[in-house]
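This report goes through one protein model in short sections. Please look over the sequence and the structure before reading on.

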Amino acid sequence: MNTKNNKRRRESQEKIGRAFVQLLQTHEIKDITVSDIVKTAELNRSTFYANYIDIFDLADKTREMLENEFSNLFADYDYFNERSGALKMFSHIKENQIFYKTYFKLCYDDKHLISIYDTRRAEKEHMDSNIKYHIEFFRNGLNAIIKLWLADGCKESPEEMADVLKQEYRGR
């Protein structure tokens, strides 16, 4: 019986997820097929379809899982100590590069982007009607920095990257 949270189902989902992430490292999502995934995972097509509607359903669920893991990392984030928060973020990215490269590949619509952003602070410092533009600018800028750093193999240390972010956001 294939109940929602049984061990066998979880193991199959983990195998499918690992195969998908592995394939994403060398292929674009549009080039990955269910056949590629089940061959890599050494499972049957029926097992894939028992768990996912299609590749994009798998991608959405994988992205959601990665977002939850990232959110949990910053559940206790101290917004008043920016350097330690940025250092924590860049350290985690450097230690988990495949995780983040995969995440950005799954953001095929760019609507889901990593963001640790203190909206309370922004509202306090930007008491005008243009705050939504500031927030969008910051989130996209942060993601661009992270993507560039990942593409370059995270050559700079997390400390250097925290300083880069601080310099870009200085005066706020």
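Which residue forms a salt bridge with Asp 152? The partner of Asp 152 is Lys 155, with the closest N and O atoms 3.6 Å apart.

## Basis of the report

The model is predicted: local features need pLDDT of at least 70 and side-chain atom pairs count only at pLDDT 80 or more, while totals for chains, interfaces and linings use all residues. Residues are numbered from 1 along each chain as its sequence is written, and side-chain values use heavy atoms, leaving out hydrogens and water.

## Overall make-up

The protein has 9 helices and 0 strands. Helices (H or I, at least four residues) and strands (E, at least two) are DSSP runs, numbered from the N terminus. Of the 172 residues, 38% are buried; buried means under 20% relative accessible area, exposed over 50%, and partly exposed in between (1.4 Å probe, protein chains only).

Among contacts (heavy atoms within 4.5 Å) with a separation of 6 or more, 63% are between residues 24 or more positions apart.

## Helix H2 and its cover

Helix H2 covers residues 34-41, and Val 34, Ile 37, Val 38 and Ala 41 are buried in it. Seen down the axis of H2, these buried residues fall within an arc of 90°, so they line one face of the helix. The arc is taken from the directions from the helix axis to the C-beta atoms.

The cover over the buried residues of H2 includes helix H1 (7-24), helix H3 (45-51) and helix H4 (55-73). Just after H2, Glu 42 has a positive phi of about 60°.

## Asn 51 in helix H3

Asn 51 is part of helix H3 and counts as buried, at 8% relative accessibility. Leaving aside residues up to four places away in sequence, Asn 51 touches Arg 9, Ser 12, Gln 13, Ile 16, Asp 57 and Lys 61.

## Salt bridges

The whole structure holds 5 salt bridges, each a side-chain nitrogen of Lys or Arg within 4 Å of a carboxyl oxygen of Asp or Glu. Another bridge joins Asp 31 and Lys 30, at 3.5 Å between the closest N and O atoms; Asp 31 is partly exposed at 40%, and Lys 30 is exposed at 65%.

Arg 63 and Asp 60 also form a salt bridge, at 3.3 Å from N to O. Both lie in helix H4, 3 residues apart, about one turn of the helix. Arg 63 is buried, with a relative accessible area of 5%, whereas Asp 60 is partly exposed at 25%.
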